[in-house]
Amino acid sequence: MREISCAQIRAAVAQLFLTANRQIAPDIRQAVTDAADRETSTAARYALSQLTENYVCAEEDGLPICQDTGLAVVFAEVGQEVRITGGLFSDAVTAGVRDAYTEGSLRKSVVDDPLFDRTNTLDNCPPILHTALVSGDRIHLLGIAKGFGSENMSRIGMLTPAAGEAGVLRYIVDTARLAGPNPCPPIIVGVGIGGDFEQAALLAKRMTARPLNKRHPDPRYAALETRALSEINALGIGAAGYGGVTTALNVAIATAPTHIAGLPVAVNICCHASRHAEINL
Ligand code: SF4
């Protein structure tokens with residue numbers, strides 16, 4: 001067994017959220033730069049150029065890319081040959097998020113009770129933690145700082161198999177259409193197809209962090225990604241809602257086996273401030 005301490009996990013999680021909030025991933029920065037170059041709307045081109053300038057300022061000055069520094073979501077893959085020492089894994093993850101948001105002066109955006117009290121927990125905790133046991137002796141951590149302007153525009157549809165490919169495509173594109181300028185476009189669209197209610201949503205959230213140069217390995221789903229992206233961009237919402245040719249930077253689909261009577265489709269929208277970082281321990 002390989003030992004990994006809670007102190008290592010805590011430090012890694014803290015670094016993930018500091019990095020994610022201050023440094024946009026290179027592929028997203030490049031995609032926004034490319035979108036600015038081909039934009040036909042003057043206002044949208046200006047908005048895109050402001051985004052790229054904002055990315056540079058945030059990284060150079062160590063400031064958050066956006067004032068909404070997000071709800072901390074962690075996808076953890078824990079190798080079965082790892083022995084975690086010095087405490088509970090979930091406590092270490094929570095402590096790492098707390099460190100990042102308190103010591104990094106990131107906005108605290110979590111309330112304890114969702115409906116009545118809504119009292120800020122003052123440390124951006126608890127995070128949302130998804131843990132999977134995998135083979136090997138490593139821990140892989142993906143941290144996503146999820147802003148809620150875009151999260152609030154996400155949807156899940158419990159379609160039936162009769163909806164078919166056309167129904168799935170319509171659901172994805174309609175989600176972007178209904179969102180309009182609210183999720184701070186250009187957006188990244190994560191889609192989960194299959195599984196059940198919660199698995200579809202999990203797949204969709206995970207897909208918001210997929211590298212932009214990847215496509216679904218099945219060419220039929222890869223084609224669906226491309227077609228959905230094209231149709232969303234044809235909506236003309238554009239960067240910051242100023243029209244033009246780029247409403248979305250990517251559509252990423254993940255799939256899972258499902259029930260014979262079901263075709264769940266979850267669409268998780270992420271804004272241009274798609275903040276995520278990962279590390280292997
Ligand atoms: S949706 Fe994204 S860019 Fe817009 S305010 Fe929220 S975190 Fe910031």
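Tyr 101 has a relative accessible area of 0% and is therefore buried, a term that stands for under 20% relative accessible area, with exposed meaning over 50% and partly exposed the range in between, for a 1.4 Å probe and protein chains only. The model is a predicted one, in which local features need pLDDT of at least 70 and side-chain atom pairs count only at pLDDT 80 or more, whereas totals for chains, interfaces and linings use all residues. Residues are numbered from 1 along each chain as its sequence is written, and side-chain values use heavy atoms, with hydrogens and water left out.

The structure holds one aromatic pair, and because the ring centres of Phe 17 and Tyr 101 are 6.2 Å apart with planes at 50 degrees, the pair is tilted. Rings of Phe, Tyr and Trp (its six-membered ring) pair if their centres lie within 6.5 Å, and planes under 30 degrees apart are called stacked, over 60 edge-to-face and the rest tilted. Phe 17 lies in helix 1 (residues 6-22) and Tyr 101 in helix 4 (residues 89-103), 84 residues apart, so that the pair links distant parts of the chain. Phe 17, at 0% relative accessibility, also counts as buried. Helices here are DSSP runs of H or I with at least four residues, numbered from the N terminus.

Two packed helices are described by the angle between their axes and the distance between the axes. Helix 1 and helix 4 pack at about 40 degrees with their axes 7 Å apart, the axes being lines fitted to C-alpha atoms over the stretch in contact and the angles running from 0 to 180 degrees between N-to-C directions. That makes helix 1 oblique to helix 4, since angles under 35 degrees count as roughly parallel, over 145 as roughly antiparallel, 65 to 115 as roughly perpendicular and the rest as oblique. The residues in contact (heavy atoms within 4.5 Å) include Val 13, Phe 17 and Leu 18 of helix 1, and Val 93, Val 97 and Tyr 101 of helix 4.

Elsewhere, helix 2 (residues 26-38) and helix 3 (residues 42-61) pack at an angle of about 150 degrees, with their axes 8 Å apart, and they are therefore roughly antiparallel to each other. Helix 6 (residues 164-179) and helix 8 (residues 219-233) pack at about 40 degrees with axes 9 Å apart, and are therefore oblique to each other.

Conventions:
Helix = DSSP H or I, 4+ residues; strand = E, 2+ residues; numbered from the N terminus.
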